[in-house]
Amino acid sequence: MNMGLITSLKARFRSIFKWFFKKDKMRIGIYGPPNAGKTTLANRILRDWTGDVIGSESEIPHETRRAKLREGVKIEVDGKTLTIDIIDTPGIATKIDFHDFLKYGMSEEEAKRRAKEATEGVIEAIKWLDDLDGILLVMDSTEDPYTQVNVTIVGNIEARGLPLLIIANKIDLPNASPARIKAAFPQHVVVPISALKGLNIDTLYRTMAEKFG
Amino acid sequence: MPHRCTECGKEYMDGDMAILQGCECGNNKFLYIPKQKGREVEEIKEQFERIESVRIIAPGMYELNIEKLLEGGEVVIALQEDGKYAVHLPSLLRKKKRS
């Protein structure tokens with residue numbers, strides 16, 4: 001049989017198959033170390049597209065200690081609509097010590113409870129990875145990106161084959177260096193933004209539509 | 001670490017005056033013990049071979065083994081350093097993904 005015909009038939013079957021099994025919406029998880037601005041980003045996306053918020057933002061690490069899901073967020077870019085579920089996850093850390101919370105004026109009991117919940121939060125965040133279709137990995141541009149947490153998460157997301165966008169957040173701060181993040185993870189798309197100030201946020205939406213749409 | 005008295009076995013650190021003046025026991029011969037190169041490798045190896053995903057150092061102080069957690073499967077909790085472990089059965093038995 002003609003090889004060209006077989007190839008075109010194969011391509012047609014593949015597109016029909018894709019059409020049948022195409023997900024109508026993507027589940028996107030927002031990941032990163034504590035205090036990278038995950039909730040600020042989640043709130044920014046929700047404020048922009050739903051007028052809502054997902055959780056409280058704080059300078060105290062591990063403010064988000066349970067994963068939070070918001071379904072059916074519609075993002076419109078250049079006439080195309082991307083519908084996503086957003087999961088804001090607790091910050092991933094290798095060490096959690098209640099002493100770190102004491103300086104924020106918490107009682108020892110409260111700090112210990114926070115540490116325990118934060119630890120449970122890390123486990124919950126990691127478990128969510130099994131149920132996601134894409135990841136927004138938020139990093140603080142003012143910090144060294146070469147951390148065990150960042151490198152391990154990127155490696156694992158690559159191994160899972162999940163689409164990944166790295167967000168270089170906090171570019172509004174004077175010592176921010178998104179280039180350092182790009183240099184650390186050159187194989188991935190890095191989008192520099194300020195979730196707090198809304199800087200370059202349109203580029204993020206466009207890149208999300210390309211990557212996850 | 002590495003200067004051991006050949007008589008009584010007492011060890012002196014590098015640069016200790018006792019190495020020049022002699023050991024407490026009166027002996028002035030010491031055996032130099034080279035640094036164990038294997039030790040660091042062992043420590044790293046041990047870290048990778050740790051079975052627990054969470055180590056509770058003290059109440060409110062936790063050490064998380066992110067690699068282990070990301071590998072999936074069960075959550076094993078090590079209680080301080082005394083060799084006690086707790087296995088979180090629901091995570092071990094979880095077969096189906098969250099829908």
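With a relative accessible area of 44%, B:Cys8 is partly exposed, where buried means under 20% relative accessible area, exposed over 50% and partly exposed in between (1.4 Å probe, protein chains only). B:Cys23 takes part in no disulfide, the nearest cysteine sulfur being that of B:Cys8 at 3.6 Å, whereas a disulfide is a pair of cysteine sulfur atoms within 2.5 Å. B:Cys23 has 6% relative accessibility and therefore counts as buried. Over all chains, a search of the whole structure finds zero disulfides.

The model is predicted, so that local features need pLDDT of at least 70 and side-chain atom pairs count only at pLDDT 80 or more, while totals for chains, interfaces and linings use all residues. Residues are numbered from 1 along each chain as its sequence is written, chains are lettered from A and ligands numbered from 1 in the order in which they are written, and side-chain values use heavy atoms, with hydrogens and water left out.

Chain A contains seven helices and seven strands, these being DSSP runs numbered from the N terminus (helices H or I, at least four residues; strands E, at least two). Their order from the N terminus is α-β-α-β-β-β-α-α-β-α-β-α-β-α. Of the 213 residues in chain A, 47% are buried. Among contacts in chain A with a separation of 6 or more, 70% join residues 24 or more positions apart, contact meaning heavy atoms within 4.5 Å.

Helix H5 of chain A (residues 148–160) has 13 residues and should span 18 Å at 1.5 Å a residue, which agrees with the 18 Å between its end C-alpha atoms; the expected span is 1.5 Å times one less than the number of residues. Buried positions in H5(A) include A:Val149, A:Ile153 and A:Ile157. The buried residues of this helix pack against strands E5 (134–140) and E6 (164–169) of chain A, together with helix H3 (66–71) of chain B. Just after H5(A), A:Gly161 adopts a positive phi of about 75°.

Between the two chains, 17 residues of chain B are in contact with 26 residues of chain A. The area buried between chain B and chain A is about 2,000 Å², to which carbon and sulfur atoms contribute 61%; buried area is the accessible area (1.4 Å probe) that two parts lose on being put together, summed over both. Zero salt bridges are found across this interface, a salt bridge being a side-chain nitrogen of Lys or Arg within 4 Å of a carboxyl oxygen of Asp or Glu.

A:Arg70 lies in strand E2 of chain A and A:Asp52 in the loop between H2 and E2, so the pair ties together parts that are 18 residues apart in sequence. Both A:Arg70, at 25%, and A:Asp52, at 34% relative accessibility, are partly exposed. Another salt bridge forms between the side chains of A:Arg66 and A:Glu124 (3.0 Å, N to O). Because A:Arg66 lies in the loop between H2 and E2 of chain A and A:Glu124 in helix H4 (residues 108–128), this pair ties together parts 58 residues apart in sequence. A:Arg66 counts as exposed at 56% relative accessibility, whereas A:Glu124 is buried, with a relative accessible area of 16%. A:Arg27, A:Glu71 and A:Asp85 are linked in a network of salt bridges.
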